[in-house]
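This report looks at how two parts of one chain meet. The sequence and structure come first, then the interface.

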Protein chains: 2
Amino acid sequence: MFESAEIGHTIDDETYDAEVPALREALLEAQYELHEQAKRQIIILINGIEGAGKGETVKLLNDWMDPRYIEVRTFDQQTDEELAHPPVWRYWRQLPPKGRIGVFFGNWYSQMIQGRVHKQYKDPVLDQAINGAERLEKMLVDEGAVIFKFWFHLSKQQMKLRLKTLKDDALHSWRISPLDWQQSKTYDKFVRFGERVLRRTSRDYAPWHVIEGVDPNYRSLTVGRLLLEGLQNALKTPEGSTNLVNLGPLPSNTDELSLLDNLDMTLALEKDDYDEQLITEQARLSGLMRDKRMRRHALVAVFEGNDAAGKGGAIKRVAGALDPRQYHIVPIAAPSQDELAQPYLWRFWRQIPARGKFTVFDRSWYGRVLVERVEGYCSEADWLRAYSEINDFEEQLTDAGIVVVKFWLAIDDKTQLERFQAREKIPFKRHKITEDDWRNRKKWPQYREAVSDMVDRTSTEIAPWTLVEANDKRWARVKVLRTINEALEAAFAKDDKKRK
Amino acid sequence: MFESAEIGHTIDDETYDAEVPALREALLEAQYELHEQAKRQIIILINGIEGAGKGETVKLLNDWMDPRYIEVRTFDQQTDEELAHPPVWRYWRQLPPKGRIGVFFGNWYSQMIQGRVHKQYKDPVLDQAINGAERLEKMLVDEGAVIFKFWFHLSKQQMKLRLKTLKDDALHSWRISPLDWQQSKTYDKFVRFGERVLRRTSRDYAPWHVIEGVDPNYRSLTVGRLLLEGLQNALKTPEGSTNLVNLGPLPSNTDELSLLDNLDMTLALEKDDYDEQLITEQARLSGLMRDKRMRRHALVAVFEGNDAAGKGGAIKRVAGALDPRQYHIVPIAAPSQDELAQPYLWRFWRQIPARGKFTVFDRSWYGRVLVERVEGYCSEADWLRAYSEINDFEEQLTDAGIVVVKFWLAIDDKTQLERFQAREKIPFKRHKITEDDWRNRKKWPQYREAVSDMVDRTSTEIAPWTLVEANDKRWARVKVLRTINEALEAAFAKDDKKRK
């Protein structure tokens with residue numbers, strides 16, 4: 001969920017300076033129209049890591065837009081008066097009226113995450129708070145509000161750097177409260193519980209936007225663009241169809257940099273290394289699957305990837321390690337008649353392995369946010385709500401002890417072309433290349449965007465995506481096996497720790 | 001929530017026999033069309049009190065409709081295979097395909113309520129299960145399913161009677177498992193937790209229907225009609241707008257009997273008794289408000305009722321008992337400009353009393369499901385979702401220690417007419433009667449239906465409605481004061497118990 005916000009997004013000053021004037025003008029215009037229509041209020045929730053530029057961004061928005069119609073609210077310690085009322089009262093009384101923008105610092109999310117980090121309660125009570133937030137937001141949206149949820153993110157290293165800089169800077173030192181410092185130590189917890197909260201509350205009617213906070217240009221421009229897009233969407237959406245306001249296409253990254261760009265596509269293995277490592281990892285997997293701790297678990301491996309990225313070959317190497325009774329490979333193609341007569345996730349639920357077993361999905365439930373999205377096989381509303389449905393689904397799997405491993409096998413444009421051409425020449429491989437493959441290739445940018453969104457929204461602590469550099473098939477196969485092994489070992493280690 | 005299902009609904013055999021043939025035919029027809037369209041699946045959840053006719057109703061539906069397209073599923077103890085999979089897997093694999101009807105006995109609700117009754121967990125974990133059910137149902141509905149949720153109800157006395165009959169009847173005795181018998185003892189718990197579940201999961205896209213189970217004719221006819229209405233609605237709703245399927249008007253009671261009919265409108269107090277009791281109750285309220293346990297609480301009293309039912313007079317008697325600094329009366333009329341610029345509940349949130357204080361709402365948030373519904377001031381979708389929003393709202397109040405008391409002051413048609421006429425004659429009361437009042441009077445049946453639905457859907461354990469027989473003003477005033485006093489005393493007693 002946070003991976004895309006740790007890859008060093010930047011916008012150079014020149015681009016920034018060139019783009020800002022038009023953006024400001026458009027934002028102002030949208031703001032005035034919003035005020036004139038007076039049909040919707042805008043609620044902007046500011047959350048995330050300390051030092052990731054939350055305050056700076058809010059200041060900037062006030063600069064860029066007309067501050068008369070922006071109300072910035074900071075919710076810190078509760079006042080006496082607030083303590084004498086139900087907890088949510090403090091937010092109600094600060095709601096911006098229709099036509100205005102309310103920026104909420106330290107809102108319900110900060111409260112629930114901090115409480116969990118400080119061990120005031122455990123997950124069930126956190127989940128109650130999460131559910132309360134969902135109900136509140138759903139009601140606000142049904143009443144015409146538009147909610148933007150920004151999570152400003154920094155990697156641990158970046159946060160430490162940032163906190164150090166701030167400390168050394170006498171001008172800024174007042175900003176670092178003891179609590180903030182403490183957060184540096186509790187970064188891991190904060191991110192873990194934050195992820196649980198984001199995963200469950202990123203809903204189609206009020207999705208989260210995770211923004212990398214390192215580079216001020218990138219940060220500001222991204223927030224500005226998201227806001228503009230959302231405002232413009234809201235202005236043209238009739239009042240009744242409130243649910244659809246946030247259903248614009250997900251915004252692409254401001255700097256066009258995606259996790260996929262961060263892959264080192266030159267990674268490769270020599271034949272000898274490959275042979276040795278493959279055997280080692282296969283033996284390891286075979287041992288793990290026979291480990292008696294496996295009785296409490298099951299394993300699900302999802303294979304997605306570019307066409308000709310080598311999914312089949314990788315799956316073969318995984319299966320090669322195992323007794324055929326232990327695993328089951330499920331190839332996902334167009335749904336059958338039976339499957340069409342059921343809710344989307346049904347065909348995957350029926351293939352979920354029992355305890356001790358392993359199911360390999362050759363393509364998967366992610367089809368909805370990949371091919372169905374790109375090819376228009378389902379409505380925008382369908383694929384937009386699919387992200388949270390999939391997160392719910394995977395949470396149910398992992399709650400039941402199932403280890404979920406998800407692979408995106410990535411090759412570059414050039415490699416794909418070479419493989420396509422090669423396939424056409426080799427008789428026994430000719431069936432593997434069709435008109436569809438050539439057609440899909442033309443939609444490379446759309447698929448790329450869909451993959452980025454998918455990883456951003458569904459790579460979770462409980463079921464992370466592993467991006468596999470697959471230009472070299474040997475490298476890819478070993479990485480896949482190793483990742484599965486590590487995931488199983490981590491699950492077993494957790495069991496051992498619990499038993500102690 | 002269950003009050004309306006404890007008032008002895010009955011349908012005589014003659015009416016029943018006259019109506020059933022047409023109902024059966026219409027149900028069959030709808031079923032065939034459903035099957036032909038094959039666009040939606042119907043999921044019927046059967047829950048409620050033991051002995052309330054759950055099994056009989058399902059048997060009947062199978063009789064009435066074509067059993068080839070109905071799949072009845074009983075979820076009892078989990079099988080070995082089910083235990084080896086995530087908990088929800090058992091429901092997924094039994095989902096009816098589109099075009100068919102699945103009847104789920106012993107579904108996710110029975111499981112979560114039984115677990116709570118048997119103290120396997122506390123409220124936060126129950127709430128997690130509730131939230132899981134909501135997400136599952138929302139997803140199913142978004143995918144085109146139509147969900148009917150029936151709660152078959154019996155009062156405690158009726159259940160005991162019923163269990164006795166069943167015990168004596170050798171033919172039926174196999175049905176009463178030890179667990180069922182235990183339920184007779186744990187009736188109160190079952191109803192309490194059941195109510196929490198119903199309150200939170202009765203959503204516009206999948207509302208609960210509470211059915212009194214005593215009279216088989218009533219029970220069968222009500223379920224049949226609800227089902228028919230829902231099916232017909234589903235058949236004519238285009239596939240995309242899935243959320244709207246359940247948004248038909250709420251069904252009126254099959255036998256036209258409502259809680260309002262159960263009131264003894266002849267109840268009255270002699271002048272002397274009134275004077276004495278009024279003073280006693282006023283003194284009691286005054287004492288309670290000054291009790292130091294009041295510091296942990298606040299009090300909210302909601303007054304709704306027929307026009308000229310005497311709300312003003314009753315409120316005056318309540319206020320008369322108190323120091324003006326302790327209470328605040330909020331008359332609710334048409335919303336102001338400021339209020340229109342906010343979500344519906346905002347105007348009420350701002351008037352919520354701080355700890356130790358008391359707010360009287362002269363009309364209230366129930367306007368949305370009364371006047372706004374009847375007069376069409378809001379959309380059907382708005383008032384239909386308002387029930388669960390209001391329940392959420394009141395839960396937030398009571399969670400914060402606020403005691404919520406709600407009064408419906410009921411007078412009969414004749415009494416209202418007399419009071420209207422009298423008002424027109426008395427000069428200083430003439431301002432109290434307007435054209436609007438006469439107009440509203442013509443909508444008596446619509447208001448009556450709205451009141452019944454309101455009480456059915458929002459009378460909860462945490463914030464119950466009190467129906468006040470108000471033909472006699474003295475009786476009404478004393479009953480109001482006494483109810484407030486009892487609610488405060490109950491809250492204090494709970495505190496005392498906790499402290500021990």
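## Interface size

Start with the area. Domain 1 of chain A and domain 2 of chain A bury about 1700 Å² between them. Carbon and sulfur atoms carry 44% of that buried area. The size of an interface is often given as the accessible area lost when the parts come together. The model is predicted.

Contacts give a second view. On the domain 1 side of chain A, 20 residues are in contact with 19 residues of domain 2 of chain A.

## Domain layout

Chain A splits into domain 1, residues 3–253, and domain 2, residues 261–499. Taken over C-alpha atoms, the centres of these two domains of chain A lie 33 Å apart.

## Polar and charged pairs

The rule finds two salt bridges across the interface of domain 1 and domain 2 of chain A. One pairing is A:R200 with A:E395, a salt bridge whose closest N and O atoms are 2.4 Å apart.

Between domain 1 and domain 2 of chain A, five residue pairs are in polar contact, with both residues at pLDDT 80 or more.

## The domain 1 side

Which elements give two or more residues to the side of domain 1 of chain A that touches domain 2 of chain A? They are helix 9 (187–201) and strand 5 (208–212) of chain A. Helix 9 of chain A supplies the largest share, five residues.

By class, this side of domain 1 of chain A, where it touches domain 2 of chain A, has eight charged, seven nonpolar and five polar residues.

Notes
Residues numbered from 1 in each chain as written. Chains lettered and ligands numbered in written order. Predicted model: local features only at pLDDT ≥ 70, side-chain atom pairs only at ≥ 80, totals over all residues. Heavy atoms only, no water. Domains from an automatic or database assignment. Contact = heavy atoms within 4.5 Å. Buried area = accessible area lost by both parts, 1.4 Å probe. Salt bridge = Lys/Arg side-chain N within 4 Å of Asp/Glu carboxyl O. Polar contact = N/O pair within 3.5 Å; in protein donor to acceptor, adjacent residues only side chain to side chain. Helix = DSSP H or I, 4+ residues; strand = E, 2+ residues; numbered from the N terminus. Nonpolar A, V, L, I, M, F, W, Y, C, P; charged D, E, K, R; others polar.
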